[in-house]
Amino acid sequence: MTEISSETRFLHAVEMGLGAWQWGDRMVWQYGHGYGHAEVQKAFQASVNEGIRFVDTAEIYGSGRSERLLGEFIKNTEQPILVATKYFPFPWRFRKRTLTQALKASLERIGIEGVDLYQIHWHSVTMSTDLLMEGLAECVKSGMARTVGISNFGHNSMLAAYSALARHNIALASNQVHYSLLSRGAEKKGILARCKELGIRMIAYSPLEQGLLTGKYSASNPPPGTRGGHYAKLLSKIQPLIKLMTEIGQDHGGKSNAQVALNWTICKGTLPIPGAKDEKQAQQNAGALGWKLTEAEVAKLDEASDLVLE
């Protein structure tokens with residue numbers, strides 16, 4: 001295994017973070033319907049109170065609203081917060097200077113001088129990986145980003161990004177991918193193993209599969225909005241997995257399905273960033289910390305997950 005670089009070591013010390021996609025997003029999460037500013041402020045504060053200090057946002061979440069909310073919340077807390085945000089490679093962005101420009105705009109919205117982690121949100125159709133990494137290198141050299149990472153990059157493109165940054169003597173800090181008991185492509189395709197080998201932190205987004213792994217949804221009670229149609233197939237197959245998670249949770253003193261699902265991602269060596277719309281969800285998420293599934297339980301969950309996904 002490659003030794004973890006001193007610049008990125010802090011990221012490996014973070015066990016779990018908070019994802020801020022739901023803050024301000026109306027399309028997928030219906031921000032403003034049933035929850036809004038007051039609720040997400042309480043979610044942030046509850047997370048901080050539970051010891052969670054790493055928040056992941058992006059310039060496109062709520063068209064910048066998520067970053068602005070995070071900035072406002074940071075101002076009102078005395079705790080130091082690790083901030084991660086993301087650059088979205090719109091097709092009209094085809095020069096590397098768009099990365100430093102976008103980061104400047106993100107920093108203005110958040111109201112800070114630099115982020116702890118700046119990530120490329122997706123592949124670009126107009127810029128090569130080399131050019132994107134040159135842009136990220138400039139963000140580090142300018143002092144606006146402490147470390148840099150990627151998101152939604154496959155195995156080969158991750159290695160290309162790692163090599164391109166190495167030419168600038170900069171470590172690839174992270175690869176943020178969709179990973180949960182119901183989405184294990186990153187594990188099956190060797191991305192997780194390669195991340196461990198190279199000292200890259202794999203950040204797991206949607207670790208609760210947008211609420212499916214909480215057990216509150218079923219085929220007869222699908223999640224609202226676009227999620228209902230998207231998950232229709234899985235909803236008819238997940239009950240045996242949910243039942244096993246409930247049993248395992250009981251064996252650990254009444255841990256919830258969500259807490260078992262999050263603990264599983266931690267046991268796999270990833271940094272999960274579950275979202276939280278309100279104080280209750282934030283406290284639920286935090287209950288995944290401070291205990292560990294046994295190896296046998298992880299293996300059982302793997303097996304049940306494989307049956308759902310086959």
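Tutor: This is a predicted model. It holds 15 salt bridges.

Student: Why is the pair Arg93 and Glu59 called a salt bridge?

Tutor: The cut-off is 4 Å between a side-chain nitrogen of Lys or Arg and a carboxyl oxygen of Asp or Glu. For Arg93 and Glu59 the N to O distance is 2.5 Å, so the pair qualifies. The two residues are 34 apart in the chain. Arg93 sits in the loop between β3 and α4, Glu59 in the loop between β2 and α3.

Student: What makes Arg93 and Glu59 buried or exposed?

Tutor: Buried means under 20% relative accessible area. Arg93 has 14%, so Arg93 is buried. Glu59 has 9%, so Glu59 is buried too.

Student: How do you know that Glu67 and Arg109 tie together separate parts of the chain?

Tutor: Their side chains meet in a salt bridge at 2.6 Å, N to O. Glu67 belongs to helix α3 and Arg109 to helix α4, so the link spans 42 residues of sequence. Glu67 has 0% relative accessible area and is therefore buried. Arg109, at 24%, falls between 20% and 50%, so Arg109 is partly exposed.

Student: What makes Lys243 exposed, but Glu247 partly exposed?

Tutor: Exposed means over 50%. Lys243 has 55%, so Lys243 passes. Glu247 has 39%, so Glu247 is partly exposed. Their closest N and O atoms are 3.0 Å apart, in a salt bridge. Both lie in helix α11, 4 residues apart, about one turn.

Definitions and conventions. Residues numbered from 1 in each chain as written. Predicted model: local features only at pLDDT ≥ 70, side-chain atom pairs only at ≥ 80, totals over all residues. Heavy atoms only, no water. Buried < 20%, exposed > 50% of the residue type's maximum accessible area, 1.4 Å probe, protein only.
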